[in-house]
Amino acid sequence: MKRLSFVEVVERLNKFWAKQGCTTVMPLDTEVGAGTFHPATFFKSLGNEKWRTAYIQPSRRPTDGRYADNPLRMQYYYQYQVLVKPSPREIKNIYLDSLKSLGIDLDLHEIRFVEDDWESPTLGAQGLGWEVWLDSLEITQFTYFQQIGGIELDMVSCEITYGIERLCMFIQNKNNVFDLEWQNGLKYGDLHKRHEIEHSKYNFDESNIDMHLKMFEFFEKEASALLSKKLVYPAYSFVLKASHAFNLLDARGAIGQSERARYIARIRSLAKRCAELYLSAAQGAATTS
Amino acid sequence: MNTATKDFLLEINVETLPVLYPRPWVETLQKELIKELEAQRIGYGGTYSACNKNLLICYIKGVSLHQDEISREVLGPPKHVAFDKEGNLTKQACGFAKTQGVKIEDLKIKKTAKGEYIYVEKKEKARPTKDILRDVVPEIIKNVHFPKTMRWDSSGFRFARPVESLLLLLGKDNLRIKAGNVPQKKVSGVTASVYLKKIQKASLIDPDERKDAIKKLILGKLGFLKADPQVDEALLEEVNFMVNSPQIFVGQFDKRFLRLPKDVLIASMSKYQRVFPVLQKGHITNNFIAIIEKGKRDMAGIRKNYENILEARLKDSLFFFDEDTKKPFKENAEQLKSLIFQKKLGNMSEKIERLKGLSRFICEKLALDEGLKSNIQRAAELSKLDLITLMVGEFPSLQGVMGGEYALKSGESKEVSQAIKEHYLPQGMDDKLPGSLEGSILAISDRIDNVVGFLGTGVDISGSFDPFGIRRNTQGLIQIIEKKALRLRIDEVIQKSIELYNDKLTVDRGQLKDKIVDYIKERIEYLIGDVRPIELKAAILEIKYFDIVDIFNRIKIFSSISDKKFFSEAAKIVERTNNILKAARKGEIGKVDKNLFEETLEHELWKAYLNMRPKMQDLVNNEKYEEATREYAKAFYKILHDFFDHVMVNTEKASLRLNRLAMMDTINRLYTERVADLAKLPQIIVK
């Protein structure tokens, strides 16, 4: 098996999915917890318009920081996100082909689909599917969307989210993410280690709780105001900012158990309004044209 | 009768199902298919079902190719309408024959409860089984329940996971059925039984055979490793539905992780990676056993990958463990104030105070000694502290267990540690109970506090859903009390819990206690299962004196004597006195007044009662319910019989009537109030 570098893995996936008719879009420039938050997934999975996309999305999970001490866990990592709508019958086999295209021998190794009903309470999103295990390493989340932004979906999308680092660890046969080859001999750690350590310190020890509490309020207010003005994209970007502020507060343990649920509900209600506004505008456009 | 038969086979190929779905689903599917065949009058022979993670199969031998013929009667107009005075058929009768499609010669006359009617005998057509299967099989597939279903295409068809294909064979015939857009698999020239044999040969589709095969592999390796020959059955069943053809290997992790608590190591392996821990004389070792799908695989590579992943997870656990034990365990107490138990019910710190109060109350009721009491108090105090630890944040299933570990590490006694560890037990019907008395009392207190809190703030328990775990809590509570033989008046404990909640509860407190007591009775009824006669349960649960151990005890005694003569006699006494009291108005009946007696039999009956009363009380106090029943029958059966034969209870004279009713009431209650309300039984026949 050729040892693909991190960048080569992304290139191969881009190529593979482009051949499947996926539009390659660029990563979102706002902090998000997963590729699902990208408008190319969140908005585009709504309604009954066909859509196929694939993209890389840097993802932040402040509580997962381990000061670069854990070989698998990081507060900043990369997801490779694919959305295929509607989901074709052979989607599972297409996915397995994508692994083969990376040089992974599925006969020599073991692929397992393990039940995992995915849910994003902040996005009001929910789906059924699996974690995909490669020799017990979780490399992908495979989901049939049932609901987004609290809206039951008529046309079901299939979302495939690869953990690129984990795939690369397998391909390059490395035990530690920071030892991965990024490109041309440069290591993942060379690019990310200091970033990871400093952000872990920030997330757990240094972030300004008061400031983030206030920011949350600001972002929420702004999102709400923009929703009333029917500016759905700007409104949504502030929902994402609020969500990230919440995640940072959560990492600092600044939010009690009951409050936590209430914060999530506040974000969800905004996300839901965004989804509804997006849909009504899309339907409005369809009827006037 | 149709004797021509063929074998039936239904095969559903589906994308990987959740591990616990296939087995109960095919079992229900089979039952439903059989039920339908019977309802449709289609004969059948033996049945067989099989399943794995992506295959569901039901096979039925010797299915008749046609329904059995049946004839039924269709009633027409009454005879006096069907014939005129001269005895000729009327227009109505001819019309009836016409609409039924029969000749007038075929009309017959029959006597019914309402008089004579004309009727026709009609043969129902025996439809071909094929046609019926095409109609009913898709409906049955749709209606057999999965815990969660999904949609995956525009048809809106729901199943647990996307269905890849369907096959329905009757003999060699492929029957087309429609279920959403699911494609039909085609098999040509093979009968259902040959097809079944073919797939049986290809892999272990029988879930029991497969499970045995996996178990055998594991036990073999355990023997080789000189390890304890124990296999986690729950994990085994999960793995049974992750792998179709098993293959085994042994992996290892670094010994430095062995300083983690055993339960953390076990959870990391079994819950998160689905591999089997290896124990030697009860101690955990750094080996594990993995079952994977058979194939020509890179075993060394796979093993290395499994080991690396496990070690990364254990490294995380070690990080949590070291962080959690940096400061004394007790210091977490402050944080409990900001940890919400439930929105309306306040924080965990308040819950701890209630647990202390309630467990103290139970200790006093059980007259436990000071040592036990103070252990339980201490355990209650520390019981929820682990909820703020990183380890429980990561492994929620280790709540309690980690609390016990951390308590021990910070110098608490073994007894206190164990009580904390055990207080969430049992987790389900088949789970183990707390081993110690301390753990049991704490577990009871915690459960009562949960049930009272949730029901006290209006949580609905009517549905089959149990989101707050009320059913699980209640059943666990009953199991602990019964199995540990704790003589408690549960109604008193509930009352105490309601008081401890103070003003937090939102529903009427008086009704709440009754509601919970009723709910506990309902769950007891469920846990008791089958007894004969079935009404015994209601008869015993009707008793006001509410002690769970005593209830189970009575059930045992009564179901062993229910076929005895003295039992039916006692029941008859209760039934007869009860029947005569039905006519009386509520509150009308007072005390028995001897001075109003007119008949000798009244005096005699009263004397029998006075004799019996102290005896009865004595027997009941000593919980000798069999003797109490025998004595009651002996004392009253015959004399009461005579009494009813010779004395008129419901006489004109009100004072006399009420006095006699009062006597019936007294005799009735002597038994029904403290032994069993046998009036709940169906009508008694004394042989």
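Reader: Which domains does the domain assignment of chain B give?

Author: This is a predicted model, where local features need pLDDT of at least 70 and side-chain atom pairs count only at pLDDT 80 or more, while totals for chains, interfaces and linings use all residues. Residues are numbered from 1 along each chain as its sequence is written, and chains are lettered from A and ligands numbered from 1 in the order in which they are written. Domain bounds come from an automatic or database domain assignment. For chain B that gives domain 1 (5–67 + 128–202), domain 2 (71–124), domain 3 (207–324), domain 4 (335–528) and domain 5 (561–680).

Reader: How far apart do the C-alpha centres of domain 3 and domain 5 of chain B lie?

Author: The C-alpha trace of chain B spans about 100 × 80 × 45 Å along its principal axes. Within chain B, the centres of domain 3 and domain 5 are separated by 67 Å.

Reader: In what order do the 3 strands of the open sheet in chain B come?

Author: Strands pair if DSSP finds at least two bridges between them. β10(B) and β11 (residues 283–293) pair in the antiparallel sense over 4 bridges, and B:L279 has B:I284 in β11(B) as its bridge partner. The edge strands, each pairing on one side only, are β9 (246–252) and β10 (276–280) of chain B. That makes the order β9-β11-β10.

Reader: Which residues have the most contacts inside the largest nonpolar core?

Author: A nonpolar core is a set of buried Ala, Val, Leu, Ile, Met, Phe, Trp, Tyr and Cys residues joined through C-beta atoms within 7 Å (buried: 20 or more other C-beta atoms within 10 Å of its own; exposed: 12 or fewer; partly exposed: in between; C-beta atoms are placed from the backbone). The largest one has 198 residues, and helix α7 (residues 232–251) of chain A gives the most to it, with 12 residues. The two with the most contacts inside this core are A:V239 and A:C274.

How values were computed: Helices (H or I, at least four residues) and strands (E, at least two) are DSSP runs, numbered from the N terminus.
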